[in-house]
Amino acid sequence: MTAKRRIAVLGSTGSIGTQTLDVVRRHPDLFEIELISANNSADLLIEQAREFQVNNVVICNEAHYRKVADALADEPVKVFAGVDSLCALASAEDVDIVVAAMVGFSGLKPTLAAVQAGKIIALANKETLVAAGPLVMRLARENGAPIIPVDSEHSAIFQCLLGACDNPIEKIHLTASGGPFRTWSRERIASATCADALKHPNWNMGAKITIDSATMMNKGFEVIEACHLFDVPAEKIEVVVHPESIVHSMVEFADGAVMAQLGHPDMREPIALALAFPQRLPVGNRKLDFAQLGSLSFSKPDLERFPCLSLAYDAIRRGGNVPCGLNAANEEAVAAFLNGKIGFYDIPEILSSVLDGLVFVPEPGEEDIFNTHEIATIRAREIISTK
């Protein structure tokens, strides 16, 4: 790289956002932070703005604007509020790479704006492609906006395909840790508490994605994301449980050869690759010692214990606005579980009920996507209120 890459981090105070800033902290000669944003974490946002001397800060929850603006009044930084400001700034000429790290559907609008501006998208917000995959990928092609995946599994697939010499994909083996309930019986899972579900064995993630990992909806969303990113049908994507989380995913080809990407669980690896691509950077992570590694194990997921994975496969096969409805219902159900309002297996029941009543739109545009999200959200809330 000859010039510093100017980066906008959408969701800088979350797990991916803070690890992105750590990569930048290690390589100040290669990157500079142009824009950071948060929804509610005002104190950390202020701290980040000071450390990285950013030009622009957006606090999406406008109730926190005065606190952030007053705290940074002595800094040469411009403070804005609201998602519309974030869309405009992420699309500006002084941004080269947009790290889409906001949680959930809230990340769709600013990511769409950045795609339409032709930015390089380092995509960590899988809900963007779950809710609006065909739309996002079409706009990316039309506007010349490269999408480089940050999810460890999709980054692994992306890296495998770099060495594939354009040979077509025969099958994607998408690895899953199995989450905290991998060895639990269905009966025991049924009585699981929120604290139980938040104890992920391998990865340190935010609460929402950790619950999605426990239900395996996270893996279902990754199947949908992979369909769009790599232009393959769901039938060519097989989820395989790999509790060691060393093999991040694999690609199989027509001759039976399988390429895999391995590494210890550390999100800074795929983040750094997305920021510096095609260059690889040291990020201070632990290296693999194969002599000490021992065995690696793989097994099929149990769809009876983890029905959310089946719901995701069904949604991508049905297509249209169904994945968007699934995502909206899941966001509400997970929030309700985190707040102690519903039980663990209420989550898939709520999702199924919402999808059963969803009006199908075969080729949704942007307005259809936002309408579907709103309708599915309202319906999920109605169902949750009866629990």
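## What covers helix H17

Helix H5 (108-116), helix H6 (127-143), helix H15 (322-338) and helix H16 (346-356) are among the elements that cover the buried residues of H17. Contact means heavy atoms within 4.5 Å. Helices are DSSP runs (H or I, at least four residues), numbered from the N terminus.

## About the model

This is a predicted model: local features need pLDDT of at least 70, side-chain atom pairs count only at pLDDT 80 or more, and totals for chains, interfaces and linings use all residues. Residues are numbered from 1 along each chain as its sequence is written, and side-chain values use heavy atoms, with hydrogens and water left out.

## Length and faces of H17

H17 has 20 residues (366-385). At 1.5 Å a residue, H17 should span 28 Å. The expected span is 1.5 Å times one less than the number of residues. The end C-alpha atoms of H17 are 29 Å apart, which agrees.

Ile 369, Thr 372, His 373, Ala 376, Thr 377, Ala 380, Ile 383 and Ile 384 are the buried residues of H17. Buried means under 20% relative accessible area, exposed over 50%, and partly exposed in between (1.4 Å probe, protein chains only). Down the axis of H17, the buried residues fall within an arc of 130 degrees, so they line one face. The arc uses directions from the helix axis to the C-beta atoms. On the other side, Glu 367, Ile 375 and Ser 385 are exposed.

## Cysteines

How many disulfides are there? The count is zero, with a disulfide taken as a pair of cysteine sulfur atoms within 2.5 Å. Cys 160 is in no disulfide; its nearest cysteine sulfur, in Cys 165, is 13 Å away. Cys 160 is buried, at 3% relative accessible area.

Cys 308 is also in no disulfide; its nearest cysteine sulfur, in Cys 194, is 15 Å away. Cys 308 is buried, at 1% relative accessibility.

Note on methods: Helices (H or I, at least four residues) and strands (E, at least two) are DSSP runs, numbered from the N terminus.
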